[in-house]
Amino acid sequence: MLKGKKIVLGVTGGIAVYKAVDLVSRLRKQGAEVRVVMTEHAQEFVTPLTFKEISGNKVAVSMWESNQEFNVEHIALANWADVFVVAPATANILAKMACGIADDLLSTTLLAAQAPIIVCPAMNTGMYENPATQENIARLQQRGVTVMPPAVGMLACGTAGAGRLPEPQQIVDFIKNFVAKREGDMRGLKVLVTAAGTREPIDPVRFVGNRSSGKMGYAIAQAAAERGADVLLVTGPSALPLPPNVQACKVETTAEMLKSCLDAYDSVDIVIKAAAVADYRPHDVADQKIKKKTDDALTVVMDKNPDILKELGMRKKHQILVGFAAETQNLLENAREKVVKKNLDMIVANDVTAAGAGFNAETNIVKFLFPDGSVSSLEQMPKTAVAEKLLDTVMQLKSSK
Ligand code: CTP
């Protein structure tokens, strides 16, 4: 999303300036071109040379570069930017922006900017919560400026509260999401993704589960968010970190997953059910830990769980519904049956026993099957690449529906 994007980064004088150095480096790793404008106070914390080296571009610091000549760099920079980011943004720059004050290079460039502006306020909690700052922020938001809320935590002044500059990677993710929501091919679409395996309790310490890691579903959720979709990730327990910019709903049992899916179903455009759902649950869940008995065997009677995908298929209206088929034999035959029986638009079939595929693997080998019987086979590729191919196909289905 940020490849080739021209980002002007305004850096104002706060202790968090050091994080802006890392931010520039991370933005460049994403393929963005970055030009930095520093205020005089920012230069008290870090020298322009640091930003010059890290951005690979000259750093703009003054309207009067040669001390004699007025240069129009502020207009050139304002016109150059695809996105204008101010991080850290002090209370002072927010106040100046809100009032249209242009008394140095950064504030003047901001006033001339045509590009969308993102500000990342960072200051002491008292300053942040001061009604003057809050009013300025509200005014900027009314004018279309995007505000990334500060993090809450320990501040340099020794107090704890709201006002910390978020971590550089969080700012990068925020900018990526901002751009994706304006330019991504899935912008405006609501996507429900389910991931990982459900667990059915036997007693307070034991459950029936499966080997699903959540990698495939998480990759799909992340890819959809990066393409600008609003993503709801309904996930069973997983060791993976949640992907950025998705709304997550953590569930444990099949019944909980069903409820979360049904609650969201009417409002979503696309459903991708990558979760490995427990087909059965113990009939009785013991209140206390089941103790070892003298018998050699223990019988757990299981009841059938609802088939979430089938339920969604029966209620399908405008949605594109995509299922997964995890098979260990007769892959195509079983997947074909599921795509029809569950009223799907597509099923992603994979042989979970194949090397380089299935649970916990980094790669997958899948086939896309459609209700008309057609099949498209993909070679072995990383799950992130499978996610992109899957979304490409879903977008084709969407446009032909
Ligand atoms: N699925 C579901 N609810 C269930 C079982 C499965 O929503 N109770 C969904 C899965 O999320 C997946 C698809 O149905 O998208 C196929 O799951 P899979 O386990 O391969 O098949 P089942 O339909 O459970 O059939 P079987 O276990 O007999 O192969």
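Two strands count as paired if DSSP finds at least two bridges between them. Keep in mind that this is a predicted model. With that rule, strand S16 (residues 320-327) and S17 pair up: six bridges join them, and they run parallel.

**Around strand S17**
- Five of the six residues of S17 (residues 346-351) are buried, so the rest of the structure largely encloses this strand.
- To get from S16 to S17, the chain passes through helix H13 (residues 331-341), and this β-α-β crossover is right-handed.
- Ala-325 stands opposite Ala-349 in S17.
- S17 also has four bridges to strand S19 (residues 366-369), and these two run antiparallel. Here Asn-350 sits opposite Val-366 in S19.

**Salt bridges**
- The structure holds 20 salt bridges.
- One of them joins the side chains of Glu-183 and Lys-5 (3.1 Å, N to O). Glu-183 is in helix H9 (residues 168-183) and Lys-5 in the segment before strand S1 (6-11), 178 residues apart.
- Glu-183 is partly exposed at 44% relative accessible area, while Lys-5 counts as buried at 14%.
- Lys-215 and Glu-362 form a salt bridge too (3.1 Å, N to O). Lys-215 lies in helix H10 (residues 215-226) and Glu-362 in the loop between S17 and strand S18 (363-364), so the pair ties together parts 147 residues apart in sequence.
- Lys-215 is buried at 18% relative accessibility, whereas Glu-362 is exposed at 54%.
- Asp-185, Arg-227, Glu-388 and Asp-392 are linked in a salt-bridge network.

**A charge over a ring**
- The charged end of Arg-35 sits over the ring of Trp-80, 4.4 Å from its centre.

Notes: Residues are numbered from 1 along each chain as its sequence is written. This is a predicted model: local features need pLDDT of at least 70, side-chain atom pairs count only at pLDDT 80 or more; totals for chains, interfaces and linings use all residues. Side-chain values use heavy atoms; hydrogens and water are left out. Buried means under 20% relative accessible area, exposed over 50%, partly exposed in between (1.4 Å probe, protein chains only). A crossover is right-handed if, with the strands pointing away from the viewer, the path from the first strand over the helix to the second runs clockwise. A charge sits over a ring if NZ of Lys or CZ of Arg is within 6 Å of the ring centre and within 35 degrees of the ring normal. A salt bridge is a side-chain nitrogen of Lys or Arg within 4 Å of a carboxyl oxygen of Asp or Glu.
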